[in-house]
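Welcome! Please take a moment to look over the sequence and the model below, and then we can walk through some of its features together.

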Amino acid sequence: MAGDRWYWRDRLRKGVVRSAFLLLLVCIWQGLASAGIWNELIFPAPAEVVLALGGGLADGTLPTAVLASLVRLGIGYGISLAIGIPLGLLLGRIRLLDDTVGSLAIGLQALPSICWLPLAVLWFGLSEAAMQFVIIMGSLMAVTLTVRDGVRTIPTPYLRAAPILGATGWRFYRYVLFPASFPSVVTGAKLGWTFAWRSLMAAELLYVTTGIGSTLMTGRELHDMALVVAAMLIIVGIGLITDRLLFRMGEEFVHRRWGVG
């Protein structure tokens with residue numbers, strides 16, 4: 001009981017601190033806007049951004065854009081996980097594969113996601129396939145390499161005991177390797193989502209279609225800085241919600257199960 005009270009008291013304290021910090025930022029923002037240091041066309045006041053948000057929500061453009069971006073992200077990110085997690089497990093166990101494919105993955109990881117845009121356009125044109133390619137290539141290596149590093153940290157006695165206890169072939173990967181490396185899988189999934197989200201924004205800035213990135217471009221072309229800032233706030237909000245609701249639960253499970261994370 002005492003532990004529960006301390007937990008909720010700590011959550012309340014953190015919530016108050018964060019709310020106070022955000023309020024302070026808004027006050028500073030409003031003060032700078034009121035001071036007239038910059039033209040209101042390039043530095044809108046908070047009220048103008050709220051009006052832009054309200055207008056976009058009322059006419060349905062912002063919800064439609066967010067939904068389109070999330071669908072795109074879900075497809076590309078899902079493919080990255082489906083390829084990256086098994087590939088990372090294999091790289092962590094097969095030395096030859098790690099020396100070849102692993103080295104290539106490290107090199108590709110150094111490429112910013114925007115570097116894939118010209119190649120995607122040449123291969124797929126200005127299309128949804130091009131955006132999916134950028135998302136997958138932007139996040140796949142992060143997932144793969146993080147899972148591979150997690151496999152390398154598995155205690156050697158676990159790996160030696162597995163075949164003795166009958167865990168061979170696919171059973172070894174299913175019942176030993178994957179559970180033992182699950183903390184790294186969660187970390188890789190979180191990193192992969194971050195890279196996928198950034199890659200999606202880069203791709204949508206290139207290809208004018210329905211999406212939150214395209215909303216940013218529309219605001220720029222119309223010199224509507226309030227709409228640009230509103231879209232940026234939505235991007236930040238989606239990132240925070242995903243981190244707090246989705247990945248935080250995974251990290252808490254890892255902490256309870258393995259005592260790490």
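Helix axes here are lines fitted to C-alpha atoms over the stretch in contact, and the angle between two of them runs from 0 to 180 degrees between N-to-C directions. Please keep in mind that this is a predicted model.

Let us begin with α3 and helix α6, which covers residues 128-152. How close do the axes of α3 and α6 come? They come within 7 Å, and they cross at roughly 30 degrees. The crossing of this pair is right-handed. Sorted by class, the contact of α3 with α6 holds 16 nonpolar, eight polar and four charged residues.

## The nonpolar cores

The largest nonpolar core has 19 residues, and the members that touch the most others are Trp193, Trp197 and Ile212. Two or more residues of this core come from each of α3 (61-93), α9 (182-206), α10 (212-221) and α11 (225-258).

Beyond its neighbours within four places in sequence, Trp197 is in contact with Leu70, Leu73, Ile212, Ile235 and Ile238. There is also a second, separate core of 16 residues, and Met137, Met141, Ala202 and Ala203 are among them.

## A mostly covered helix

Now find α10. Seven of its ten residues are buried, so this helix is mostly covered, given that buried means under 20% relative accessible area. Which residues of α10 are buried? They are Ile212, Gly213, Ser214, Thr215, Leu216, Met217 and Gly219. After α10 comes His223, which has a positive phi, near 55 degrees.

## Salt bridges

Side chains of opposite charge can pair when their charged atoms come close. In this model the count of salt bridges comes to six. One of these joins the side chains of Arg95 and Asp99, at 3.5 Å from N to O. Why can these two meet? Arg95 and Asp99 are four residues apart in helix α4 (residues 95-109), which puts about one helical turn between them. In an α-helix there are 3.6 residues a turn, so residues three or four places apart point the same way. Arg95 counts as exposed, at 64% relative accessibility, while Asp99 is partly exposed at 43%.

Another salt bridge links the side chains of Arg148 and Asp98, at 3.1 Å from N to O. Because Arg148 lies in helix α6 and Asp98 in helix α4, this pair ties together parts that are 50 residues apart in sequence. Are Arg148 and Asp98 buried or exposed? Both are buried, and for Arg148 the relative accessible area is 8%. Arg148 also forms a salt bridge with Asp149, where the closest N and O atoms are 3.0 Å apart. Asp149 is partly exposed, with a relative accessible area of 34%. Through shared partners, salt bridges join Asp98, Arg148, Asp149 and Arg152 into one network.

## A stop at Phe172

Our last stop is Phe172, which sits in helix α8 (residues 170-180). Phe172 is buried, with a relative accessible area of 9%. What is Phe172 in contact with, leaving aside its neighbours within four places in sequence? Its partners are Arg93, Leu159, Ala162, Ala167 and Leu177. For one of these, Ala162, the separation from Phe172 is ten residues in sequence and 6.8 Å in space, C-alpha to C-alpha.

Definitions and conventions
Residues are numbered from 1 along each chain as its sequence is written. This is a predicted model: local features need pLDDT of at least 70, side-chain atom pairs count only at pLDDT 80 or more; totals for chains, interfaces and linings use all residues. Side-chain values use heavy atoms; hydrogens and water are left out. A nonpolar core is a set of buried Ala, Val, Leu, Ile, Met, Phe, Trp, Tyr and Cys residues joined through side-chain atoms within 4.5 Å. Buried means under 20% relative accessible area, exposed over 50%, partly exposed in between (1.4 Å probe, protein chains only). Contact means heavy atoms within 4.5 Å. A crossing is left-handed if the near helix is turned anticlockwise from the far one by less than a right angle, and right-handed if clockwise. Ala, Val, Leu, Ile, Met, Phe, Trp, Tyr, Cys and Pro count as nonpolar, Asp, Glu, Lys and Arg as charged, and the others, Gly among them, as polar. A salt bridge is a side-chain nitrogen of Lys or Arg within 4 Å of a carboxyl oxygen of Asp or Glu.
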